[in-house]
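This briefing goes through selected features of one protein chain. Please keep the sequence and the 3D view open while reading.

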Amino acid sequence: MRHFGQNILTVADELTEAYVEIFTAPPWDDRNAEETRSAFRERLETDARRPGFRAVLALSDSGAVDGFVTGWTTRSPFRADRAYGKVTRRLGADRVDELLVGAFEVDELGVRSHARGTGLGRRLLTALTATVPDGRAWLLTWDQAHDTLAFYRRTGWTEPTPLPGQETDVVVFLSPARTAPAPVMP
């Protein structure tokens, strides 16, 4: 496994190809490969410059990316783009500030189909989050990615309870080192 910071852009082509293969297959198979490629590459260029950006890649002997994980430290104010608004709705602004702001955000984790079932996903996730301060890490995923949800639950990541009536199509997970208090009822 190789660790990267901003130098991730030196392997951007290989990483992008792996991302497209993984995230245009089920359950994301409704995505267009070219649009996915373009959007990810553009996002990677921006994400690599975020404070605290880190990535871990598992490379095959030929240099192809078998799996990867990326992330950065969540800053305040909490973002509202992409799926972040759903996270705030699901948890409430106070719990977002308490649980997520200042924690390490795992943004992307992907393992190519030929490398699944080998423990690579767990090793990548552990390698990226092993040194985060106080073990504070979090991530989100789509509620229809059933294998992904099962993976995070098996590896000890826990879901903070959503506010009543505020379930969304994203699920938030906290690292095994963290437990979330229950939401305060109004």
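Ser76 is found in the loop between S3 and H3. With a relative accessibility of 57%, above the cut-off of 50%, Ser76 counts as exposed. The C-alpha atoms of Ser76 and Ala130 are separated by 23 Å, and the two residues are 54 apart along the chain. The model is a predicted one.

**The loop between S3 and H3**

- The peptide bond that leads from Ser76 to Pro77 is cis, and its omega is near 0 degrees.
- Pro77 lies in the loop between strand S3 and helix H3, and H3 covers residues 84-91.
- Arg82 is found in that loop between S3 and H3 too.
- Although Arg82 is not a glycine, its phi is positive, at about 50 degrees.
- Arg82 has a relative accessibility of 43%, so it counts as partly exposed.

**Other backbone features**

- Most residues other than glycine have a negative phi, and most peptide bonds are trans.
- The peptide bond from Pro26 to Pro27 is cis, with omega near 5 degrees.
- Pro27 lies in the loop between H1 and H2.
- Asp134 has a positive phi, near 60 degrees, and is a residue other than glycine.
- The place of Asp134 is in the loop between H5 and S5.
- The relative accessible area of Asp134 is 70%, which is over 50%, so Asp134 is exposed.

**Val65 in strand S3**

- Val65 lies in strand S3, which runs over residues 65-73.
- Is Val65 buried or exposed? Its relative accessibility is 0%, so Val65 counts as buried.
- Val65 and Glu14 are 51 residues apart along the chain, and their C-alpha atoms are separated by 6.1 Å.
- Leaving aside neighbours within four places in sequence, Val65 is in contact with Glu14, Leu15, Ala18, Leu57, Ala58, Leu59 and Arg112.

- The buried residues of H1 are Ala12, Leu15, Thr16, Ala18, Tyr19, Val20 and Ile22.
- What covers these buried residues of H1 includes H2, S3 and S4.
- Two packed helices are described by the angle between their axes and the distance between the axes.
- For H1 (residues 12-22) and H2 (residues 33-47), the angle is about 135 degrees and the axes are 9 Å apart.
- That angle makes H1 oblique to H2.
- The crossing in which H1 passes H2 is right-handed.
- On the H1 side, the contact is made by Ala12, Asp13, Leu15, Thr16, Glu17, Tyr19 and Val20. On the H2 side, Ala33, Thr36, Arg37, Phe40, Arg41, Arg43 and Leu44 make the contact.
- Sorted by class, the contact of H1 with H2 has 7 nonpolar, 2 polar and 5 charged residues.

**Helix H5 and its buried side**

- Which residues of helix H5 are buried? In H5 (residues 120-129), the buried residues are Leu120, Gly121, Leu124, Leu125, Leu128 and Thr129.
- These residues cover an arc of only 150 degrees around the axis, which puts them on the same side of H5.
- An α-helix has 3.6 residues a turn, so residues three or four places apart point the same way.
- What covers the buried residues of H5 includes the strands S2 (54-59), S3 (65-73), S4 (104-111) and S5 (137-142). Helix H6 (146-154) is also included in that cover.

**Packing of H5 on H6**

- H5 and H6 pack at an angle of about 60 degrees, and their axes are 11 Å apart.
- That angle makes H5 oblique to H6.
- H5 passes H6 in a crossing that is right-handed.
- Gly121, Arg122 and Leu125 of H5 make the contact with Phe151, Tyr152 and Arg154 of H6.
- By class, the contact of H5 with H6 has 3 nonpolar, 1 polar and 2 charged residues.

Terms used. Residues are numbered from 1 along each chain as its sequence is written. This is a predicted model: local features need pLDDT of at least 70, side-chain atom pairs count only at pLDDT 80 or more; totals for chains, interfaces and linings use all residues. Side-chain values use heavy atoms; hydrogens and water are left out. Buried means under 20% relative accessible area, exposed over 50%, partly exposed in between (1.4 Å probe, protein chains only). Helices (H or I, at least four residues) and strands (E, at least two) are DSSP runs, numbered from the N terminus. The arc is that of the directions from the helix axis to the C-beta atoms. Contact means heavy atoms within 4.5 Å. Axes are lines fitted to C-alpha atoms, for helices over the stretch in contact, and angles run from 0 to 180 degrees between N-to-C directions. Angles under 35 degrees count as roughly parallel, over 145 as roughly antiparallel, 65 to 115 as roughly perpendicular and the rest as oblique. A crossing is left-handed if the near helix is turned anticlockwise from the far one by less than a right angle, and right-handed if clockwise. Ala, Val, Leu, Ile, Met, Phe, Trp, Tyr, Cys and Pro count as nonpolar, Asp, Glu, Lys and Arg as charged, and the others, Gly among them, as polar.
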